[in-house]
Amino acid sequence: MLGTVSFGRSLIIEDELPSTNAKAKELAREGGIHGQVIIARTQCSGRGRMQREWQSPKGGLWMSIIIRPNLSLANASKLTLAASVAVVDALKELYRLPVGIKWPNDLIYNGHKIAGILGEVVGEWNRVQTLILGIGINANFPRENLGSSIAAATLQEILGHEVDLNKLTAAILLHLEKQVSALEADMFEELCINWTARAVGIGEEVKVIRGEEVFRGIFRGISQEGELLLETDHGEVRFSAGEVRLRSK
Ligand code: BTN
């Protein structure tokens, strides 16, 4: 049962797609509405951040949402932060699972990645004002189905049972709709506080990798723009999510 106003009210479910984000972009260009959701049981060409491949076996939750928010370009990146907060809150509410966020939006349980979020702008943001939020959750399958990804875990393994993907979808969409409305009401500081309260690694020594460059320092949290704040020996350096990877020391 969906408790949302608009998110998921229009819903497409396919057995297999190359990528729900790619399909959502296509639908958005054809006029897909705010809150439209696309789900695939499997993806044969799922994509992660930085053009990485995203393994999407049957049993996972692979979904994308078309967002046409009332937000400026400067605030667009905050939507992916809001999405990670929404997924963490849904997992806590349904399974009491203490999941943390590794900047910018990897969801981590006990050091293992269980979900990821990919935000992609459609066309020119200023004209089209559309973002696709792709959410991938390793749910009902054993981690071996992910191939070589030893750093990953699945909900089924953690909880010892399968989860109801419909309930999980509904809970995520409800939390996400709430988060997006809060952003539209300019509650940026609150989002920053909520994200930080769920983050892992703040105060720890980390490596930030940008292309061939490696920056070392203490992870001090995020700016109100969602940039990573790194305290280095030469002062504070800020990184935006599109350009870097974060590693523990
Ligand atoms: C990441 O952690 O690198 C982001 C992973 C995002 C995966 C989801 S699954 C649904 C949607 N479709 C895609 O091709 N990618 C996103």
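The side chain of lysine 113 places an N or O atom 2.6 Å from an oxygen atom of the ligand, a polar contact in the sense of a pair of N or O atoms within 3.5 Å. Taken alone, the ligand exposes 410 Å², of which the protein buries 99%, with accessible areas coming from the Shrake-Rupley method with a 1.4 Å probe. This is a predicted model, in which local features need pLDDT of at least 70 and side-chain atom pairs count only at pLDDT 80 or more, while totals for chains, interfaces and linings use all residues. Residues are numbered from 1 along each chain as its sequence is written, and side-chain values use heavy atoms, with hydrogens and water left out.

Altogether 19 residues surround the ligand, and Ser19, Gln43, Arg47, Arg49 and Lys113 are the closest; a residue is near a molecule if one of its heavy atoms lies within 4 Å of it.

The shell around the ligand divides into five nonpolar, 10 polar and four charged residues, where Asp, Glu, Lys and Arg count as charged and Gly is among the polar ones. Strand S6 gives the largest share of this shell, four residues; strands here are DSSP runs (E, at least two residues).

Elsewhere, serine 248 lies in strand S12, residues 245-248, and is exposed, with a relative accessible area of 58%, exposed meaning over 50% with a 1.4 Å probe and protein chains only.

Conventions:
Polar contact = N/O pair within 3.5 Å; in protein donor to acceptor, adjacent residues only side chain to side chain. Buried < 20%, exposed > 50% of the residue type's maximum accessible area, 1.4 Å probe, protein only.
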